[in-house]
Amino acid sequence: MRIFFLTILCASLILACGSEQVNEESQNTPSVFSPNEDSELALLMRFMYDDMYRLRTEIKAGKHPKITFPAKELFTAEPTDENQVSSDHYHLLGKAFLAAVNQFQESDYSQLSEHYEVLVESCMSCHQYSCPGPMRRIRNLYL
Ligand code: HEC
C-alpha cells in the first residue's frame, strides 16, 4: 500500500514538472495563457541554463565570465503552475539562489570555480523540491 502511494506521488511530481516538452501539451492545468505556450518562468529557466553552460565553458577555458541572466525575475515571471512558486520553500531557495548569484558576480578569479559549483548546487536544491524533472539536465552543468 505504501509503495503504491509513493509511486503515485512520484508520478504526479514528475507530471507536474516534466522535463520533456511532450508532457506540456497533455497537461491541462488551468492558466491565464494558452497551455501550449511556454511560461515566462520556463523561458527564463532555459535562458539561465544556456547562460550557465556558457559560464562553464569559459571557466574551463580559464576566463572570468559574468552572469547575464536576470535572476531576480525568478520572483516575478509567470510560472506554468502557480503552486510551484507560491510556497515558502520556493522563496527561501530562490533567495539562496540570488545570494549565490551575487557571490559569483563579485568573486575574484581564484574562487570562481568554487562559487560556480555553489550556483549549480543552488539550482539543484530548488529543483529537488519544486521541479525534479530538469535535474538530469542541470547535472551537466557541474564542472
Ligand atoms: C527557486 C527555485 C528554482 C531555482 C533556484 C531554479 N529553478 Fe529551474 N525551475 C524552477 C521551476 C518552478 C520550474 C518550472 C517553470 C515552469 O514550468 O513555469 C523550473 C524549470 C526549469 C527548467 C525547465 C524549463 C523548460 O524548458 O520548461 C530548466 C532547464 C531549469 N529550470 C534550469 C535551472 C537552472 C540551470 C537553474 C540554476 C541556474 C535553475 N533552474 C534554478 C525552479 C527553480
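**Aromatic pairs**

Guide: F97 is buried, at 4% relative accessible area. The model is a predicted one.

Visitor: Which ring does F97 pair with, and how are the two arranged?

Guide: F97 pairs with F69, and the two rings are stacked. Their centres are 6.2 Å apart, with 10 degrees between the planes.

Visitor: Where do F69 and F97 lie?

Guide: F97 is in helix α4 (88–106), while F69 is in the loop between α3 and α4. The two are 28 residues apart in sequence, so the pair ties together separate parts of it.

Visitor: And F69, buried or exposed?

Guide: F69 is buried, with a relative accessible area of 5%.

Visitor: How many aromatic pairs are there?

Guide: The count is four. One of them is Y49 with Y53, which is stacked, at 6.4 Å centre to centre and 25 degrees between the planes.

Visitor: Why is that called stacked?

Guide: Planes under 30 degrees apart count as stacked, and the angle for Y49 and Y53 is 25 degrees.

Visitor: Where are Y49 and Y53?

Guide: Both belong to helix α3, which covers residues 40–60. They are four residues apart, about one turn of the helix.

Visitor: Changing topic, then. Which charged residue sits over the ring of Y49?

Guide: That is R137: its charged end sits 4.4 Å from the centre of the Y49 ring.

Terms used: Residues are numbered from 1 along each chain as its sequence is written. This is a predicted model: local features need pLDDT of at least 70, side-chain atom pairs count only at pLDDT 80 or more; totals for chains, interfaces and linings use all residues. Side-chain values use heavy atoms; hydrogens and water are left out. Rings of Phe, Tyr and Trp (its six-membered ring) pair if their centres lie within 6.5 Å; planes under 30 degrees apart count as stacked, over 60 as edge-to-face and the rest as tilted. Buried means under 20% relative accessible area, exposed over 50%, partly exposed in between (1.4 Å probe, protein chains only). A charge sits over a ring if NZ of Lys or CZ of Arg is within 6 Å of the ring centre and within 35 degrees of the ring normal.
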